[in-house]
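This report walks through one protein model. It begins with a single residue and its contacts, then widens to the whole chain.

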Amino acid sequence: MDGISLLTITVLAVFVGFEVVSKVSSTLHTPLMSGANAIHGIILVGAIIVAGQATHPWVLAVALLAVVLATANLVGGFVVTDRMLEMFRGRKPDKPAKPTQSEPQGDARENTEATR
């Protein structure tokens, strides 16, 4: 394939991807991110394989850049997924504070105020 064909496919893939993702409802974003993380894991493995078999220095440089970007994308996806799942968890009730030794408890405080 020549460069123009590859550029055309890339531009069309960007437009289609944008349209598909923009139409996803907010309740489906977490499963979508999980699927994207699986795809990025496969991309990371492929980039590592290419980097391991590189014979030219420029191929190695591009492969290492792909490894770095895929790793950042994968980790970022997991962070975003974790934050999104945190929003769906219920809040834990706050535990009541334990009284300290220096403070009188309940009735004892009322008795000392009554004796004044």
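Leaving out neighbours within four places in sequence, Leu44 is in contact with Val67, Ala70, Thr71 and Leu74. Contact here means heavy atoms within 4.5 Å. The model is predicted: local features need pLDDT of at least 70, side-chain atom pairs count only at pLDDT 80 or more, and totals for chains, interfaces and linings use all residues. Residues are numbered from 1 along each chain as its sequence is written, and side-chain values use heavy atoms, with hydrogens and water left out.

Leu44 also belongs to the largest nonpolar core, 5 residues in all, together with Ala47, Val67, Ala70 and Leu74. α2 and α3 (57-88) each supply at least two residues of this core. α3 gives the most, with 3 residues. Such a core is a set of buried Ala, Val, Leu, Ile, Met, Phe, Trp, Tyr and Cys residues joined through side-chain atoms within 4.5 Å. Buried means under 20% relative accessible area, exposed over 50%, and partly exposed in between (1.4 Å probe, protein chains only). In soluble globular proteins, nonpolar side chains tend to be buried together.

## His40

Which residues does His40 touch, not counting those up to four places away in sequence? They are Asn73 and Leu74. His40 sits in helix α2. Its side chain makes a polar contact with the side chain of Asn73, at 3.5 Å. A polar contact is a pair of N or O atoms within 3.5 Å; within protein, one must be able to donate a hydrogen and the other to accept it, and residues adjacent in sequence count only if both atoms are side-chain atoms.

## A nonpolar surface patch

Val16, Val20, Val21 and Leu32 form a nonpolar patch on the surface, with about 330 Å² of accessible area together. Helix α1 (residues 3-22) provides the largest share, 3 residues. Leu32 lies in helix α2 (residues 29-52). Leu32 is partly exposed, at 37% relative accessible area. Patches are made of residues with over 30% relative accessible area and no salt bridge; like charges are joined within 9 Å, nonpolar side chains (Val, Leu, Ile, Met, Phe, Trp, Tyr) within 5 Å.

How many salt bridges does a search of the whole structure find? It finds 1. Glu19 forms a salt bridge with Lys23, the closest N and O atoms being 3.2 Å apart. The term covers a side-chain nitrogen of Lys or Arg within 4 Å of a carboxyl oxygen of Asp or Glu. Glu19 is partly exposed, at 40%, whereas Lys23 is exposed, at 62%.

Thr8 is placed in helix α1. A polar atom of the Thr8 side chain lies 2.7 Å from the backbone oxygen of Ile4. Thr8 counts as partly exposed, at 42% relative accessibility.

## The whole chain

The protein chain has 4 helices and 0 strands. Its pattern along the sequence is α-α-α-α. Helices (H or I, at least four residues) and strands (E, at least two) are DSSP runs, numbered from the N terminus.

Of the 116 residues, 11% count as buried. The chain exposes about 9,900 Å², and carbon and sulfur atoms supply 68% of it. Accessible areas come from the Shrake-Rupley method with a 1.4 Å probe; for residues, only the protein chains shown count as cover. Among contacts with a separation of 6 or more, residues 24 or more positions apart account for 58%.
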